[in-house]
Amino acid sequence: MELPEITMFEHGIIQVKIAMSYPLRWVNSYIIVGDHTWSVIDPGPRSEENEAAWQKVWGTLELDVAQLESIILTHHHPDHYGLAGWLQAQSDAPVYMSARSLAEARLSWGEGNTAAYDLIDFYTVNGMPNEITDQLPEHLQSFVAQVLPQPQVSIITPEQPFKISGHWWIPIQTSGHAAGHLSFYQADWKLMICGDAVLPQISPNISLIPNSDPEPLQSYLDGLRILGEYEVEWAYPGHRRPFTGFRERTVKLLDHHEQRLDAMAERIRIQPLNGYDVCMSIFNSKLTLHQLRFAMSETLAHLEELIRRDRAHKYQQDGIWIYTAHE
Ligand SMILES: [Zn+2]
Ligand SMILES: [Zn+2]
């Protein structure tokens with residue numbers, strides 16, 4: 001196992017690139033080093049390689065795992081939450097996330113959860129063919145190994161200052177990419193650790209999924225406006241590189257979604273379509289199952305936002321939802 005790429009930033013912040021699957025390739029874990037302690041934000045997906053990688057990281061940085069103060073999670077997705085339980089077992093450190101994130105984790109990874117079957121039903125009534133939905137249980141099951149063992153979780157309250165390695169940060173809860181997602185703002189340093197709420201270059205996936213936020217795109221856009229109010233010199237995202245121009249990036253993402261809403265409205269203005277057909281017409285048809293799942297939920301998030309804005313409505317035909325535009 002090679003040592004992952006490690007980059008030191010100001011104020012004791014260290015970026016560690018932890019490997020994950022294509023197309024993202026790595027997730028950014030952040031170590032925040034204090035005087036006598038250190039903390040980890042988003043340790044990455046669990047695998048034997050990543051466990052070995054972490055052991056190399058703290059060995060190389062001469063950090064004592066017994067001194068690990070806290071493991072903090074921006075959200076419950078496996079590429080961020082996955083290693084939390086393992087790291088907790090190594091260190092005995094508390095694992096923190098928002099109450100809403102914990103609820104989402106239980107929905108996705110909790111014992112006896114029905115997430116895969118709920119998703120099949122949901123995609124089926126939105127037009128996805130059976131030969132694709134049939135593959136979903138196995139596909140979703142493949143992520144379970146990335147999140148075991150599951151951590152004992154302590155709760156972070158949004159907006160209440162939270163101490164990380166000796167300094168106070170403000171947890172800011174937004175939704176849309178993942179319900180209950182937390183970003184962390186350090187006012188003295190004008191730093192934002194933004195998880196997957198705002199990414200450079202990539203538009204974070206907005207997912208409509210069963211039993212979660214029913215209006216994820218509206219929630220996401222509201223969240224961008226909230227985050228864009230903060231004075232940020234450097235943003236530390238969950239993927240790609242730390243970046244400047246945080247506020248401008250939030251504006252760009254707001255624009256991107258308005259354009260995508262217009263593009264989808266145009267598709268269903270020309271002819272009424274089900275969600276899967278809209279998805280196929282907007283996104284590249286050569287998607288892996290993983291990418292297709294993201295594209296499908298992203299499409300449905302936009303179509304429901306068109307309805308919420310009274311730009312479209314839907315009706316059922318032979319058990320499938322059909323969307324049609326008003327304009
Ligand atoms: Zn995510
Ligand atoms: Zn991520």
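In this predicted model, helix α8 (residues 216–228) and helix α9 (residues 246–270) pack with their axes 9 Å apart and at an angle of about 155°. Because angles over 145 degrees count as roughly antiparallel, α8 is described as roughly antiparallel to α9. The crossing of the two helices, α8 and α9, is left-handed. On the α8 side, the contact is made by Leu-217, Tyr-220, Leu-221, Leu-224, Arg-225, Leu-227 and Gly-228. On the α9 side, the contributing residues are Phe-246, Arg-247, Thr-250, Leu-253, Leu-254, His-257, Glu-258 and Leu-261. By class, the residues in the contact of α8 with α9 comprise nine nonpolar, three polar and three charged. Residues three or four places apart in an α-helix point the same way, because there are 3.6 residues a turn.

The crossing of α5 and α11 is left-handed. Leu-119, Phe-122 and Tyr-123 of α5 meet Arg-293, Met-296, Ser-297 and Leu-300 of α11. The contact of α5 with α11 has five nonpolar residues, one polar residue and one charged residue.

Asn-126 is counted as buried because its relative accessibility is 2%, where the cut-off for buried is under 20%. A polar atom of the Asn-126 side chain lies 2.8 Å from the backbone oxygen of Phe-122; Phe-122 is also one of the α5 residues in the contact with α11. When residues up to four places away in sequence are not counted, Asn-126 touches Asn-274, Gly-275, Tyr-276, Met-296, Leu-300, Ile-320, Trp-321 and Tyr-323. Among these, Met-296 and Leu-300 also belong to the α11 side of the contact with α5.

Val-125 is 191 residues from Gln-316 along the chain, and the C-alpha atoms of these two residues are separated by 8.8 Å. Gln-316 is placed in strand β14 (residues 312–317). With a relative accessibility of 47%, Gln-316 counts as partly exposed. The loop between β14 and β15 (320–325) holds Asp-318. Although Asp-318 is not a glycine, its phi is positive, at about 50°. Asp-318 is exposed, and its relative accessible area is 78%.

Helix α3 (residues 84–91) is mostly covered, with six of its eight residues buried. The buried residues of α3 are Ala-84, Gly-85, Trp-86, Leu-87, Gln-88 and Ser-91. Elements that cover them include the strands β4 (38–41), β5 (68–72) and β6 (95–98), together with the helices α1 (48–60) and α2 (78–81). Asp-92 follows α3 and lies in the loop between α3 and β6. The phi of Asp-92 is near 70°, a positive value in a residue other than glycine. In contrast to the six buried residues of α3, Asp-92 counts as exposed because its relative accessibility is 72%, and exposed requires over 50%.

Helix α1, one of the elements covering the buried residues of α3, includes Thr-60. Thr-60 is partly exposed, with a relative accessible area of 47%. The side chain of Thr-60 reaches the backbone oxygen of Lys-56 at 2.7 Å. Thr-60 also lies 8.5 Å from Leu-3, C-alpha to C-alpha, while these residues are 57 apart in sequence.

A cis peptide bond is present between Leu-148 and Pro-149, with omega about -5°. Pro-149 is located in the loop between α7 (136–141) and β7 (153–156).

Methods
Residues are numbered from 1 along each chain as its sequence is written. Chains are lettered from A and ligands numbered from 1 in the order in which they are written. This is a predicted model: local features need pLDDT of at least 70, side-chain atom pairs count only at pLDDT 80 or more; totals for chains, interfaces and linings use all residues. Side-chain values use heavy atoms; hydrogens and water are left out. Buried means under 20% relative accessible area, exposed over 50%, partly exposed in between (1.4 Å probe, protein chains only). Helices (H or I, at least four residues) and strands (E, at least two) are DSSP runs, numbered from the N terminus. Contact means heavy atoms within 4.5 Å. Axes are lines fitted to C-alpha atoms, for helices over the stretch in contact, and angles run from 0 to 180 degrees between N-to-C directions. Angles under 35 degrees count as roughly parallel, over 145 as roughly antiparallel, 65 to 115 as roughly perpendicular and the rest as oblique. A crossing is left-handed if the near helix is turned anticlockwise from the far one by less than a right angle, and right-handed if clockwise. Ala, Val, Leu, Ile, Met, Phe, Trp, Tyr, Cys and Pro count as nonpolar, Asp, Glu, Lys and Arg as charged, and the others, Gly among them, as polar. A polar contact is a pair of N or O atoms within 3.5 Å; within protein, one must be able to donate a hydrogen and the other to accept it, and residues adjacent in sequence count only if both atoms are side-chain atoms.
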